[in-house]
Amino acid sequence: MNAFLNEALELAHQAAQEDEVPVGAVVVWKGRVIGRGYNQRERGQDPLAHAELIALRDASLYLASWRLQECQLYCTLEPCLMCLAASQQARIQEVFYGAQDLKGGALSLGYCFHQDQRINHRFQVQYLPSVECGEILTQFFKKKRQLKV
């Protein structure tokens, strides 16, 4: 597995330990991680506390700029529409993700605006299939369903 995706997966494990949906993300600039995030919606009761948004904010603070033009975002799960839009707003160069989200992922739902010729910043998105990124989510929700019985 890609080293940066693996670091995002470690953050997803941290989210799972805190009973958050296990999604992690890192922002990479010039070959090193400068932003880290994992889901924290339950902790803060914050609908915006997605792993990607936290990682983007962290990277922006590191660079003292909202423009992350030379950066890549690695996420364990396909970004939702909000997170893909935030990547566009941050001027991210590329987004990589390890597991598809057929019910909530922007690309899976057909919102491929990251290459829309009408917007001022376009970027690449690449799926890096990872069994581990999908498995952590499967196990998390399996455990949740067992607790409800």
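In the predicted model, the count of salt bridges comes to 4. One of them joins the side chains of Glu18 and Arg43, with a distance of 2.6 Å from N to O. Glu18 belongs to the loop between α1 (3-17) and β1, whereas Arg43 belongs to helix α2 (residues 41-44), so this pair ties together parts that are 25 residues apart in sequence. Side chains of opposite charge can pair in this way when their charged atoms come close.

The strands form an open sheet of 5 strands in the order β2-β1-β3-β4-β5, and the pairing is mixed. On average, and with direction ignored, neighbouring strands are turned by 20 degrees against each other. Strands of a sheet pair through backbone hydrogen bonds, either parallel or antiparallel. The antiparallel sense is seen between strand β1 (residues 24-29) and strand β3 (residues 71-77), which pair over 5 bridges. Within this pairing, Ala25 has Cys75 of β3 as its bridge partner.

Helix α3 is placed against this sheet: α3 lies across β1, β2 and β3, and runs at about 140 degrees to β2. Helix α3 (residues 51-63) also packs with helix α4 (residues 81-89), at an angle of about 20 degrees and with the two axes 9 Å apart. Because angles under 35 degrees count as roughly parallel, α3 is described as roughly parallel to α4. The crossing of the helices α3 and α4 is left-handed. On the side of α3, the contact is made by Glu52, Leu53 and Leu56, and on the side of α4 by Met82, Cys83, Ala86 and Ser87. By class, the residues of this contact of α3 with α4 divide into 5 nonpolar, 1 polar and 1 charged.

Leu128 and Met1 are 127 residues apart along the chain, and their C-alpha atoms are separated by 8.5 Å. When neighbours within four places in sequence are left aside, Leu128 is in contact with Asn2, Leu5, Tyr74, Phe96, Tyr97 and Gly98.

Definitions and conventions
Residues numbered from 1 in each chain as written. Predicted model: local features only at pLDDT ≥ 70, side-chain atom pairs only at ≥ 80, totals over all residues. Heavy atoms only, no water. Axes fitted to C-alpha atoms, helices over the stretch in contact; angles between N-to-C directions. Helix = DSSP H or I, 4+ residues; strand = E, 2+ residues; numbered from the N terminus. Parallel < 35°, antiparallel > 145°, perpendicular 65-115°, else oblique. Left-handed = near helix turned anticlockwise from the far one by under 90°. Contact = heavy atoms within 4.5 Å. Nonpolar A, V, L, I, M, F, W, Y, C, P; charged D, E, K, R; others polar. Pairing = 2+ DSSP bridges.
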